[in-house]
Amino acid sequence: MSDFPSNAEQSLEPFISFSHVGISFDGRQVLEDVSFYVDRGQTLCILGRSGVDKSVALRMLMGFLKPDEGSIRVDGQEITTLSEEGLRAIRKHITMVFQNGAIFDSMSVNENVAFPLRERGGLTEDQIQEKVSQLIGVVGAEDVADALPASLSTGRRRAVAIARALAAEPEVVLYDEPTTMVDPIIARRLGDLIEILQHHLGKTSIVVTHDMRFAERLADLVLFLHQGRAQYFGPLKGFLASPDPHIQQFLALDAYLLPSE
């Protein structure tokens, strides 16, 4: 992130790190003493059963929520003490693809993807349209470029939301349950897309999911949350081999629920 100060000491730090982070809502401890990190170009999958508030970490990273305790650092900079202006600078480099798609229903797919480009300024209309065509092509939505989002399936809406997120040219993309309410074929296509962003465009990704098959395909690192605590953080291989009974129960349940291909 060119806006952020950098020095030799900071370069040794992980790109993104949570250290002993905790947060409560109305007296209920949601996350407690959670620590993890992600290096540039890596994909972290945050796993856990439904209802364990896995997405809270993403909202804190965006600055939408502030932790009660702990440290969150991005590219060597502590973000928990930043003003709203400082957080806006962070959000120029980190974008989030929400579970509901968060795209404008009154705008066509083309207009949705063009929106952040027009907001940022500095491009001619021809340049905007060229960029939009490229992004719509990346997510495979050329055939619905003129359609309104209401006419699209859930999976198509999420693909369009990813294209719009990429228009902001972020370094980090956060995904909130991208495979929820989509069929296995669409889930695989979304996995293809996230892999392209990781391996060909070098994007850093954090994916909140309860879909173990999706995580096995994408994850360099896994954070497993159980009752608000980090039950496991580390490589995917170690997670799959963990003897922890909560992890084994999660893996067994996921294998039972997922249809065979």
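**Entry 1: helix H6**

I checked burial along H6 and found it mostly covered, with 12 of its 14 residues buried. This is a predicted model. The buried residues are Gly155, Arg157, Arg158, Ala159, Val160, Ala161, Ile162, Ala163, Arg164, Ala165, Leu166 and Ala167. I then looked up what these buried residues pack against: strand E6 (94-97), H4, helix H5 (125-138), strand E7 (172-176) and helix H7 (184-199).

I also checked the length of H6. At 1.5 Å a residue, its 14 residues should span 20 Å, and the end C-alpha atoms are 20 Å apart, so the two agree. After H6 comes Glu169, and I noted that its phi is positive, near 55 degrees.

**Entry 2: H4 against H6**

How do the axes of H4 and H6 cross? I found that helix H4 (residues 109-120) and helix H6 (residues 154-167) have axes that come within 8 Å and cross at roughly 15 degrees. Angles under 35 degrees count as roughly parallel, so H4 is roughly parallel to H6. The crossing in which H4 passes H6 is right-handed.

I listed the residues that make the contact. H4 contributes Val109, Asn112, Val113, Pro116, Leu117 and Arg120, while H6 contributes Val160, Ala163, Arg164 and Ala167. Sorted by class, the contact of H4 with H6 has 7 nonpolar, 1 polar and 2 charged residues.

**Entry 3: H4 against H5**

I recorded the crossing of H4 and H5 as right-handed.

On the H4 side, Val109, Asn110, Val113, Ala114, Leu117 and Arg118 meet Glu125, Ile128, Gln129, Lys131, Val132, Leu135 and Ile136 of H5. By class I have 8 nonpolar, 2 polar and 3 charged residues in the contact of H4 with H5.

**Entry 4: Ser35**

Is Ser35 buried, partly exposed or exposed? I read 28% relative accessibility for Ser35, so it counts as partly exposed. Ser35 lies in strand E2 (residues 28-38). Not counting residues up to four places away in sequence, Ser35 touches Phe18, Ser19, His20, Leu223 and Phe233. I also took one C-alpha to C-alpha distance: Ser35 and Leu58 are 13 Å apart in space and 23 residues apart in sequence.

Definitions and conventions:
Residues are numbered from 1 along each chain as its sequence is written. This is a predicted model: local features need pLDDT of at least 70, side-chain atom pairs count only at pLDDT 80 or more; totals for chains, interfaces and linings use all residues. Side-chain values use heavy atoms; hydrogens and water are left out. Axes are lines fitted to C-alpha atoms, for helices over the stretch in contact, and angles run from 0 to 180 degrees between N-to-C directions. Helices (H or I, at least four residues) and strands (E, at least two) are DSSP runs, numbered from the N terminus. Angles under 35 degrees count as roughly parallel, over 145 as roughly antiparallel, 65 to 115 as roughly perpendicular and the rest as oblique. A crossing is left-handed if the near helix is turned anticlockwise from the far one by less than a right angle, and right-handed if clockwise. Contact means heavy atoms within 4.5 Å. Ala, Val, Leu, Ile, Met, Phe, Trp, Tyr, Cys and Pro count as nonpolar, Asp, Glu, Lys and Arg as charged, and the others, Gly among them, as polar. The expected span of a helix is 1.5 Å times one less than its number of residues. Buried means under 20% relative accessible area, exposed over 50%, partly exposed in between (1.4 Å probe, protein chains only).
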